[in-house]
Amino acid sequence: MVSFNITLAHYIQDLVHRHAREIGTDHRRVDCIHIHGFCKKVVGKHDGEEVDAEDAGDVLIAAARLAYQDPGLRLKKYDAVLVDEGQDFKQEWWRFLRDCVRKDNSSEMVLAADIAQDIYERKSWVDEPSMTGCGFSGPWSNLEGSYRLPVDLSPILAEFVSKYLPQGAEPPTVPRDHSGVAAEPTMRRWHNLAGESGSVVANAVEEEVRRILSGELPPNPADLAILVNDHRLGLAIAEKFPDMEHIFALTQEEQRKRKIRFWPGVANMKGCTVHSFKGWEARALVIVIGSPFTKRAAAARNLAYVALSRVKGDPMHRAAFVTVVNTLPELNDFKPRFEREVTTAEAPGLAGQRPLPIN
């Protein structure tokens with residue numbers, strides 16, 4: 001299992017461990033790793049060495065590919081290579097991974113991609129009709145609908161996609177065979193704080209976290225994550241929650257160290273950038289859209305959708321929680337749309353769900 005983000009590989013590995021216990025097999029049969037970490041192992045680099053520049057990363061990929069093409073090295077060949085969040089990859093990275101599978105009829109490769117989650121602007125290689133030179137034939141297999149999102153959140157996110165994301169991004173839908181049972185509606189709040197300072201934004205996040213955790217039926221702190229776009233803002237928030245497990249730091253070296261220690265099994269509340277939380281999921285989220293420290297509105301809108309899509313419906317039918325602290329003035333008008341009640345006309349799977357309580 002290969003990802004681009006360090007933290008996503010951790011999340012997948014945790015899922016593999018749990019599923020292996022359920023079916024009684026050895027989790028060590030599956031390697032979960034991020035692409036540059038895998039290449040470092042292949043070319044014999046020390047794991048502590050950071051690859052900062054993108055061109056240096058491509059050089060590392062090329063060196064690993066040459067190593068795999070050398071039969072004298074007898075490098076490990078895999079029965080299957082599965083890539084998650086494939087829109088984060090480049091075509092040459094996929095071509096390298098093709099050298100890592102056994103060349104027989106029993107081996108396979110799987111690529112999962114979602115262009116609506118393209119935050120590194122690399123989707124062009126998976127957007128090509130023919131995927132020329134990548135070993136594919138025929139059209140993509142489309143996985144329609146989200147089984148993870150609460151059913152009353154999908155129409156909200158679909159509206160956000162159509163209003164704010166580039167043309168071609170596919171909005172989430174509720175699958176036809178989804179049970180749609182949700183004993184409690186998703187608790188949604190939206191605060192507009194455009195133009196406010198970082199300290200005001202951090203205080204608003206703190207207030208929302210404490211409100212969620214002190215409610216009548218609160219989530220476990222381990223099921224709550226705070227997502228931001230900026231490490232400086234993240235550090236300001238982390239000061240308010242000393243027990244929070246987070247990746248925030250001002251240097252790339254310290255950020256990488258924290259990412260390596262960032263695992264889903266930790267029993268504390270999580271703090272993360274949207275980039276590093278992509279592919280993860282949580283029952284309760286407090287999300288900062290944009291940042292008082294940066295002014296990249298288009299990128300922030302895309303990151304906002306990625307963050308909102310990380311909400312996970314609860315299998316025990318308890319409420320999910322999602323609060324948005326918005327710093328982008330062009331998104332102010334979405335507040336009433338985000339907080340509105342979703343009806344069964346929009347999401348038939350909601351039949352039998354209780355009405356959204358009025359705050």
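## Terms and basis of the model

A residue is called buried when its relative accessible area is under 20%, exposed when that area is over 50%, and partly exposed in between, with a 1.4 Å probe and protein chains only. By this definition Glu330 is partly exposed, with a relative accessible area of 35%.

The structure is a predicted model, in which local features need pLDDT of at least 70 and side-chain atom pairs count only at pLDDT 80 or more, while totals for chains, interfaces and linings use all residues. Residues are numbered from 1 along each chain as its sequence is written, and side-chain values use heavy atoms, with hydrogens and water left out.

## Salt bridges across the chain

Side chains of opposite charge can pair when their charged atoms come close. A salt bridge is counted when a side-chain nitrogen of Lys or Arg lies within 4 Å of a carboxyl oxygen of Asp or Glu, and a search of the whole structure finds 23 salt bridges. One of them joins Arg65 to Asp99, with the closest N and O atoms 3.0 Å apart. This pair links distant parts of the chain, since Arg65 belongs to helix α3 (residues 54-68) and Asp99 to the loop between α4 (91-98) and β4 (108-111), 34 residues apart. Helices (H or I, at least four residues) and strands (E, at least two) are DSSP runs, numbered from the N terminus. Arg65 is partly exposed at 28% relative accessible area, whereas Asp99 counts as buried at 15%.

Because Glu330 lies in the loop between β10 (321-326) and α11 and Arg301 in helix α10 (residues 297-308), the pair ties together parts that are 29 residues apart in sequence. Arg301 is partly exposed, with a relative accessible area of 21%.

The side chains of Arg211 and Glu208 form a salt bridge of 2.8 Å, N to O. These two residues are three residues apart in helix α6 (residues 198-213), so about one helical turn separates them. Glu208 is buried at 2% relative accessibility, while Arg211 is partly exposed at 31%. Elsewhere, Asp79, Arg102 and Asp104 are linked in a network of salt bridges.

Thr273 is placed in strand β8 (residues 270-273) and counts as buried, at 6% relative accessibility. Leaving aside its neighbours within four places in sequence, Thr273 is in contact with Leu227, Val228, His231, Ile247 and Phe248, where contact means heavy atoms within 4.5 Å. The side chain of Thr273 also reaches the backbone nitrogen of Ser276 at 3.3 Å.

Arg340 lies in the segment after α11 (335-339) and is buried, with a relative accessible area of 14%. Its side chain is joined to that of Glu159 by a polar contact of 3.2 Å. A polar contact is a pair of N or O atoms within 3.5 Å; within protein, one must be able to donate a hydrogen and the other to accept it, and residues adjacent in sequence count only if both atoms are side-chain atoms.
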